[in-house]
Amino acid sequence: MARDTEVLVLGGGSTGCGIARDLAMRGLEVTLVERGNLTDGTTGRMHGLLHSGGRYAVSDQASATECIEENEVLREIAGHCVEETGGLFVQRPEDSDDYFRQKLEGCRECGIPARVLSGSEAREVEPYLADDIKRAIEVPDGAVDPFRLCVANAIDAETYGARIETHAEVIDLLRDGDDIYGVEVRHDSGPGKRTHATSGTTEEITAEYVVNATGAWAGQIGAMADLEIAVRPSKGVMTIMNVRQVDTVINRCHPKGDADIIVPHETTAILGTTDEEVDDPDDYPEEQWEVDQMIDTLSELVPILKEARTIRSFWGVRPLYEPPGTGTQDPTDITRDFFLLDHADRDGVTGMSSIVGGKFTTYRMMAEQISDHVCEKLGVTATCATADEPLPGSENIATLEAGMDDFGLRSPVARRSRQRLGSRAREVLETDEPNPVICQCEGVTRAEIKDAIAQSGTDLNAVRIRTRASMGNCQGGFCCQPMANELHPEYDEKMVREALDELFQERWKGERHALWGEQLSQAMLNYALHATTMNRDHDPASATSTVDFAAFDDGRAERDRIDGIRGGR
Amino acid sequence: MSDAQQPTDDGGPGDDDFEPIQVFPEAEEMDLRPGADNCYKCSTCDTNCPVAEVDDEFPGPKFQGPEQWRLKRQDDHDIDDSVMKCSNCMRCDSACPSEVPLSQMHNTARAEYVEENMSKLSREYWRNRMLANYRRLAPLGSMFPRTTNFMMGLSATQWLGEKLLGITGQREFPEFATETFREWWTARGGAQVENADKRIAYFHGCYANYNTPEVAKALVRVYEHFGYEIMVPNQHCSGTPMFANGMLEDARRSAETNVRELAWALEDGADIIASCSSCSMSLRQEYPELFDFEGTEEVAANTWDAVEYLRVHEDLEGELEGTSVGDKFDDFAYHAPCHARNQGLDGQTVEVLDAIDGITAHDVGDSCSGISGTYGWKKENYETSMKIGSEMFEHMEDADATSGLTECPTCSMQMEHGTGYEITHTLEVLEAALVGPAEADGQ
């Protein structure tokens, strides 16, 4: 039977996009479906740490070794998504010397470059570190933008012929006896680029092989074909600070615990995290005390955090998995290794494998191993090239940085734009049109917004993850509307309004966890702006009934009335 | 203690290998990113910025301050060149409803720009360095004041200044006094009142010393009238023109001298009084924001504007009640300098003069004069400076007065330049009312 595609990948996170790129580069025909935007699941809800492996150097040396290998690969192939910040494992007076020594030895055993800094040397690197930090181990941790990385993988997969469908939710697995041969998806407005205010359709997509890369949602997908996949979703909270209090990744050097990492991320710093098992990856409590406790604990490392402004908090769900019968109680003890479940071997059902577990830093290596497995199943002999081929945006990064063209932009805006776009900077920013800054907090210009819209239709959240527009301190209060404005006239008013509402709602979702101090003032100002200048608290244009515009006059009737009174005196 | 137990931190005494880290970071390395936390982008600063109002190319204080700082990584030093268009009037500081340290951000960014991005060989750098260090050139000028004034007044000199240095030829250089204030003070035999209970240290600044000693003398007579013992400590430039030109290292050297000398005066029981509103602004706000010499905070906390101090510690208005200035002065068009405004002093002069019979100070509104120290002296800023000042000029001409009044030397230059009025300092009026012109002239 002829199939629509050779391989169908479910899930548009780092794993799914990595697999799609890998297989497409090997010449396979690939389709990827994702229920929301790319990165909507766990990938877009991580702290952005590019592991050096230091975190696992004592507890899980195999993972640590993989991390340092992949860390080095990503610096090469994804330079425009990676910031080489370096990282510190800092020791407080109450933290064990013995563990510090184990950490240092562990790093060296795993090939992770590690160097001990005295307390004052560490404070010289990071002036806001607490005065009583005893010493630190310096490792090559980095910061990575998961959005850009994931999108770059998807774009490159498309370049190699893959079909990437976002906003296409899997509603059924197609199973014929003991063979899975595809899925049925519900397109939000598709197929193709998303267009708001356009009714959806369903589509059956058949494939020779299906890869279930839905992470924490793998169990739900499996259940559609009566397969049991015991993922143990575990939630963790992350809080985004308004500015970078640190420019180096700060880890606490202790065996394990909540709230022990600060990652500088673009203009912000992200605090992480906690680890608590949940039943449903789509429905779990998000509680304020989790945020408060994390800020308190991390203030022991960087005291200024206590008074600092947070702009939002978010929760992510880890796709933890352990083989049946392991029975680990504490989710922090569950391995971070990944598992490839071939349902043919495991359940006697052919045509599909599921990936569970794993971590972001090693996404490429996981994708390589899974792609090898898929190729073996399909009898394809092509080999993996993803470790050597730079992602779009990361070609010739070194030469680019030497160029330093400012494209007529103010220098910090030009610098940030170049960093985000990498080797695509010239293609995107060189324009004869006026190129005003649309998002002032993050320094995003109209040209960059338009480039993102060209990739993703009316989906402003997709524009957001590509550009960082609306991710700064006003959380979109000032720029959501100008962003939406760029959709017009290609898209009509109704579509633009819906797109704007969706983005603004998404911003509010995280900002509501930061409503005290300065961010509360920000939220009030945002509200006032949108309510009073755009009438968005009571907009007649959004009502279902049509507006009687004739009822609004130019004030002449009232003027005539007043003039009449004056004349009569 | 064995070697193994020797803590790696901080080293003990005799630990010669230990390389000490710099205890106080250089100002250009100050990390002001956390200051951006206070900004919720309301843009009130932008709407109060006099430069943004007349120059569409200037992005305004919100960009210069919190936005630019927030976009910075520790190692980024490419400050946008628009920071040199900021006139350092510091209105944004007062306008901000949320305590964003705007002028501190501008001063630090400007210093970083000059350090990292401006060629040390450029004409702009040397012109700015010269303007900023007026205090170093002034003693040369005032050595032969008449010759200097003659030379500076020549149109050939002005033409050369514009062509060679980029100093506008539109303005006339201020004249040097034939006797500096400090020369007068020494000749006079110093303080004529001794009073251990009421003592002030006078920070006259450069302009009142070299160019308008009549202002400094007026301060001396007014304060002696109230029974104060006056000290005139050694002093350097307050730093205002250096901050405004990004010459933070020059400012640091000056500030170090000033803080040391003024801190000694504080120990002698004196309060610090300035007659120039930019000098008092600098000591009170910019020093603690940018430097941390010992005594900086104490000096800042005990520095006062000359009129403000008398209003708080004496019954100034009561003393002025029923006085007059005779024919010496008539009604004034009064301009409150931005730096006085920032200290909350914008209303005091009108109120104080109200007590004197026969004269009135007409407030010409809250616009900026536009000159902002050295800013309006630069060829490239002259036009902007005059555009900003146009509102003040108009209001001065509309006011029922034919002479001007202010407390800032450069505002005074601008007022004179734009209207041709003679400009007086408030202390000179108080002197005339309290001490009388005859007595004053007699000294």
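Chain B is divided into four domains: domain 1 (27-117), domain 2 (123-165), domain 3 (181-316) and domain 4 (321-442). Those bounds come from an automatic or database domain assignment.

Before going on, some housekeeping. This is a predicted model, in which local features need pLDDT of at least 70, side-chain atom pairs count only at pLDDT 80 or more, and totals for chains, interfaces and linings use all residues. Residues are numbered from 1 along each chain as its sequence is written, with chains lettered from A and ligands numbered from 1 in the order in which they are written.

I'll stay with chain B for a moment. The centres of its domains 2 and 3, taken over C-alpha atoms, are 26 Å apart. Nine residues of domain 2 of chain B are in contact with nine of domain 3 of chain B, contact meaning that the C-beta atoms, placed from the backbone, lie within 7 Å. On the domain 2 side, α6 (123-132) and α7 (134-143) of chain B are the elements giving two or more residues. Helices here are DSSP runs of H or I, at least four residues, and strands are runs of E, at least two, numbered from the N terminus. By class, that side has four nonpolar, three polar and two charged residues. Ala, Val, Leu, Ile, Met, Phe, Trp, Tyr, Cys and Pro count as nonpolar, Asp, Glu, Lys and Arg as charged, and the others, Gly among them, as polar.

Next, the chain interface. Here 32 residues of chain A are in contact with 28 residues of chain B. On the chain A side, β6 (115-118), α4 (119-125), α11 (411-421) and α17 (517-533) each supply at least two residues. The classes on that side are ten nonpolar, twelve polar and ten charged.

Now chain A itself. It has 18 helices and 22 strands. Its C-alpha atoms fill a box of roughly 95 × 70 × 50 Å along the principal axes. Of its 569 residues, 54% count as buried, that is, with 20 or more other C-beta atoms within 10 Å of their own, C-beta atoms being placed from the backbone. Of the contacts in chain A with a separation of 6 or more, 71% join residues 24 or more positions apart.

One helix pair to finish. The axes of α14 (460-467) and α16 (493-511) of chain A come within 8 Å and cross at roughly 55°. The contact is made by A:L460, A:N461 and A:R464 of α14(A), and by A:A499, A:E502, A:L503 and A:E506 of α16(A). By class, this contact has three nonpolar, one polar and three charged residues. Axes are lines fitted to C-alpha atoms, for helices over the stretch in contact, with angles running from 0 to 180 degrees between N-to-C directions.

Methods:
Two residues are in contact if their C-beta atoms, placed from the backbone, lie within 7 Å. A residue is buried if 20 or more other C-beta atoms lie within 10 Å of its own, exposed if 12 or fewer, and partly exposed in between; C-beta atoms are placed from the backbone.
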